[in-house]
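Me: Could you take me through the labels given to this model, setting each value against the cut-off behind it?

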Amino acid sequence: MPRVRVRPGFGLRGPRREKHVLTVDDLAALAFPVGDDGVVIGLDQQQQPAVIGLFRPTQYEVVLVGGMWTAQLIALRAAATGARIAVETGRPQAWAPMAQAAGGGQPCVTIHQVGRLGAQGASVASPVLVVRDLGARPSRSRLSAAPWQTTLTVLPYLGPNASRVLNAADLVGLQRVSPQESELVGRLLSLSPGDVNTLPTMPDHITLWATRMRRQYVMTNPGEAETQVLGGPRRMD
C-alpha cells in the first residue's frame, strides 16, 4: 500500500486544481453597488441603496424617533437576512401580523411583555435585533449588552428622557417631528439649520439617519409583499 504523505498542519493533500487568477483590470468587476453588508432600509439622495450594518461584534444602540411602520419594516428586513427579532412592547397586537409573516412560517420573531425579555443568546451565526416599543418614556433595559445583539428603541415623539436615550445611541433615525422637537434634537445631535428646518416637513417615507459624524436622508418604499403585511408608509399608528 502506497504511503500517504501528510503535510504538517494541513492534513491530506487535496485534488490538484488550476489556480484562478484575475488581472488588475478584472478586479473592478468584483465591486458591489451597496459597499457594505447589512439591511437595506431604502434609497439615499443619489438613489443608491442605503444600508445599515445592524449586527456587530460589539453592542449597538439604534434609536428611531418615528413610527412603528418604519420599525416593523426594519425588523422584517432584518429577519429576512437570518436575524432573530425579539420585540418588547406594550401593544403586542400591533406586532402580531408582522411576527406571523416574518421568516416564512419560522418562529424568528418573538413578542414579549414589558420587562419580560430575557437573555437572547446572540452570536455571529445567530444575531439578534431587540426592538423596544415602549412609548416616549422607555425604561432602562434590563437586558445585558452582548455582541451581535442590536437594540432598536422606538420613540413616537421626544419625551422627558429623550436626552438620555439619544445621547446613548450609536445611530439615530429621525422622521417628521414638530418644530419644537426639531429644535431640541438639533441641539442634541448638532444638526445643521437646514436639517432642523426640514424635519417638520418630511413625508411619511423619509427618515434622516444621523451619527456623530454623518447625516443621510433615506427614502423607504416597501415591496409588494411588505405592503401586504404592513400597509403603506405612515408616521403615526
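**Values and cut-offs**

Reply: Arg77 counts as buried because its relative accessibility is 17%, where buried means under 20% relative accessible area, exposed over 50% and partly exposed in between (1.4 Å probe, protein chains only). This is a predicted model, in which local features need pLDDT of at least 70 and side-chain atom pairs count only at pLDDT 80 or more, while totals for chains, interfaces and linings use all residues. Residues are numbered from 1 along each chain as its sequence is written, and side-chain values use heavy atoms, with hydrogens and water left out.

Me: What makes the pairing of Arg77 and Glu226 a salt bridge?

Reply: The side chains of Arg77 and Glu226 come to 2.8 Å, N to O, and a salt bridge is a side-chain nitrogen of Lys or Arg within 4 Å of a carboxyl oxygen of Asp or Glu, so the pair qualifies. Arg77 lies in helix H1 and Glu226 in helix H6 (residues 224-230), so this bridge ties together parts that are 149 residues apart in sequence; helices (H or I, at least four residues) and strands (E, at least two) are DSSP runs, numbered from the N terminus. Glu226 is also buried, because its relative accessibility is 15%.

Me: Which residues is Arg77 in contact with, leaving aside neighbours within four places in sequence?

Reply: With contact meaning heavy atoms within 4.5 Å, Arg77 is in contact with Val39, Val40, Ile41, Gly42, Asn221, Pro222, Gly223 and Glu226.

Me: How do you know that the side chains of Asp204 and Arg176 meet in a salt bridge?

Reply: Their N to O distance is 2.9 Å, so the pair meets the cut-off for a salt bridge. Asp204 lies in the loop between helix H5 (193-198) and strand E11 (206-210), and Arg176 in the loop between strand E10 (171-174) and helix H4 (179-189), so the pair ties together parts that are 28 residues apart in sequence. Asp204 is partly exposed because its relative accessible area is 26%, and Arg176 counts as partly exposed at 29%. The structure holds 5 salt bridges.

Me: What makes the charged end of Arg56 sit over the ring of Tyr60?

Reply: The charged end of Arg56 is 4.0 Å from the centre of the Tyr60 ring, and a charge sits over a ring if NZ of Lys or CZ of Arg is within 6 Å of the ring centre and within 35 degrees of the ring normal.

Me: Why is Ala102 called buried, and what does it touch?

Reply: Ala102 has a relative accessibility of 2% and so counts as buried, although it lies in the loop between H2 and strand E7 (109-112). Not counting residues up to four places away in sequence, Ala102 touches Leu76, Ala79, Cys108 and Val109.

Me: How many of the residues in the chain are buried, as a percentage?

Reply: Buried residues make up 40% of the 237 residues, in a chain that has 6 helices and 12 strands.
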